[in-house]
Amino acid sequence: STSVWANVQTPDLAPMAIHGTTTQNIVDALASRHYVSTTLDDELSSKIFESYLSDLDPSRSYFLKSDIENFEKYRFKIDNALRSGNLKPAFEIFNRYHNRVIHRLEKVIAFLESSIDSFDFTLSEKLLIDRESANWADSETDLDDLWRKRLKNTILNLKLADKAPEKIQELLIKRFKNRLSRTQQTNAEDVYQLYMNSYTKNYDPHTQYFSPRTSENFNINMSLSLEGIGAVLQVE
C-alpha cells in the first residue's frame, strides 16, 4: 500500500525560559575562566555562524542558497545575541532546517513507495559523496536531483549485495521512516545544545555544553553506576 505524506508545516521550536540566563552564564564562564583568551566579537560571530550551519547541514543536502542568504543578516550579530541571551537567530535557523529535513524525508519516502522502479541503471551519472565544500543548492529541483542520485547509488549497492527488489524497498522505507520519526522528536533542549556547542567548539574541541539529559548520561557512564529499578526504555 502507498502512504500519503502531507507537506504539513512542522510547529516551530522555541527556546525555554532558562536558556537565556544559561547562555549569559556560559558566555561569562568562557570569558573569565577558559584558558584560551578569545574575544566574542564580529570575527568569532562569523565563525560560530559557519559552525552552526555546518553542524546542521554538513553535506549541504537540505538548505537552499536562498536560505543561507536570508541567514546572512545574523553573521555578525551572534556575538551580541549570545551576550544578551537572545536565541532568536539560533532557533530561526534551526526551524528552517527542521522543516527542510522533514519535507525532504517525506518526499523520499513517497518516492520510494511509488517510484522506486523508475531508475535507469544504464545511464552514466556522477555523485559527489563529500559535499562539505559543495555549493548550496540553487533550487529545490537541484536537491531533488541530488537525492535521486543518492537513492540510486544506495539501491545499486544493495542490488550488488544480492538484495531482492522488494527487500530493498522495504529496507529503505523503514530506514527513512525511522529518520523522520527521530527528526520529529527533536526538542528545544536538543537545539540549544547543538547551538551552544557550535559556539564552544571555537574555543577548543573539548569544551562542550551538556543538556541535563546528556549530563545525566555522561555522569552514569563515568561513574558506571545507575540508581533505578533496572529497567531501560528506548525507541527501537
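I began with Tyr74, which counts as buried because its relative accessibility is 10%, under the 20% cut-off. I note here that the model is a predicted one.

**Entry 1: Tyr74**

I looked up where Tyr74 sits and found it in the loop between α3 and α4. I then listed its contacts, leaving out residues up to four places away in sequence. Tyr74 touches Ser45, Phe49, Lys88, Pro89, Glu92 and Ile93. Phe49 is itself one of the buried residues of α2.

**Entry 2: the chain as a whole**

I checked the secondary structure next and counted nine helices and zero strands. The order from the N terminus is α-α-α-α-α-α-α-α-α. Of the 236 residues in the protein chain, 38% are buried. I also looked at how far along the chain the contacts reach. Among contacts with a separation of 6 or more, 80% are between residues 24 or more positions apart.

**Entry 3: helix α2**

Helix α2 covers residues 42-56, which is 15 residues. From its first C-alpha to its last I read 21 Å, close to the 21 Å expected at 1.5 Å a residue. At the start of the helix, a side-chain oxygen of Asp41 comes to within 3.2 Å of the backbone nitrogen of Glu43.

Which residues of α2 are buried? I wrote down Leu44, Ser45, Ser46, Ile48, Phe49, Ser51, Tyr52, Leu53 and Leu56. The cover over these buried residues includes α3 (65-71), α4 (78-84), α5 (88-114) and α8 (188-200).

I followed up α8 from that list. The axes of α2 and α8 come within 8 Å and cross at roughly 135°. At that angle α2 and α8 are therefore oblique to each other. I noted the crossing as right-handed. On the α2 side the residues that meet α8 are Ile48, Ser51, Tyr52, Asp55 and Leu56. Their partners in α8 are Val191, Leu194, Tyr195, Ser198 and Tyr199.

**Entry 4: helix α1**

Helix α1 (residues 17-33) has 17 residues and spans 25 Å from first to last C-alpha, close to the 24 Å expected at 1.5 Å a residue. I found His19, Gly20, Thr22, Thr23, Ile26, Val27 and Leu30 buried in α1. These buried residues pack against α4 and α8.

How do α1 and α8 lie to each other, parallel or perpendicular? Their axes come within 12 Å and cross at roughly 20°, so α1 and α8 are roughly parallel. This crossing is right-handed. His19, Thr22, Thr23, Ile26, Val27 and Leu30 in α1 meet Ala188, Glu189, Tyr192, Met196, Tyr199 and Thr200 in α8.

Helix α6 runs over residues 140-160, and Lys152 is in it. Is Lys152 buried or exposed? Lys152 is buried because its relative accessible area is 10%. I looked for a polar partner and found Glu125, whose side chain is joined to that of Lys152 by a polar contact of 2.7 Å. Not counting residues up to four places away in sequence, Lys152 touches Phe119, Asp120, Phe121, Leu123 and Glu125.

Asp144 is also in helix α6. With a relative accessible area of 28%, Asp144 is partly exposed. I set aside its neighbours within four places in sequence and was left with contacts to Arg104 and Lys107. The C-alpha atom of Asp144 is 9.1 Å from that of Val108, which is 36 residues away along the chain.

**Entry 5: positive phi**

I looked at two non-glycine residues with positive phi. Arg60, in the loop between α2 and α3, has a phi near 50°. Asp162 has a phi of about 65° and lies in the loop between α6 and α7 (165-184). I checked the accessibility of Asp162 as well: Asp162 is exposed, with a relative accessible area of 71%.

Technical notes: Residues numbered from 1 in each chain as written. Predicted model: local features only at pLDDT ≥ 70, side-chain atom pairs only at ≥ 80, totals over all residues. Heavy atoms only, no water. Helix = DSSP H or I, 4+ residues; strand = E, 2+ residues; numbered from the N terminus. Expected span 1.5 Å × (residues − 1). Buried < 20%, exposed > 50% of the residue type's maximum accessible area, 1.4 Å probe, protein only. Contact = heavy atoms within 4.5 Å. Polar contact = N/O pair within 3.5 Å; in protein donor to acceptor, adjacent residues only side chain to side chain. Axes fitted to C-alpha atoms, helices over the stretch in contact; angles between N-to-C directions. Parallel < 35°, antiparallel > 145°, perpendicular 65-115°, else oblique. Left-handed = near helix turned anticlockwise from the far one by under 90°.
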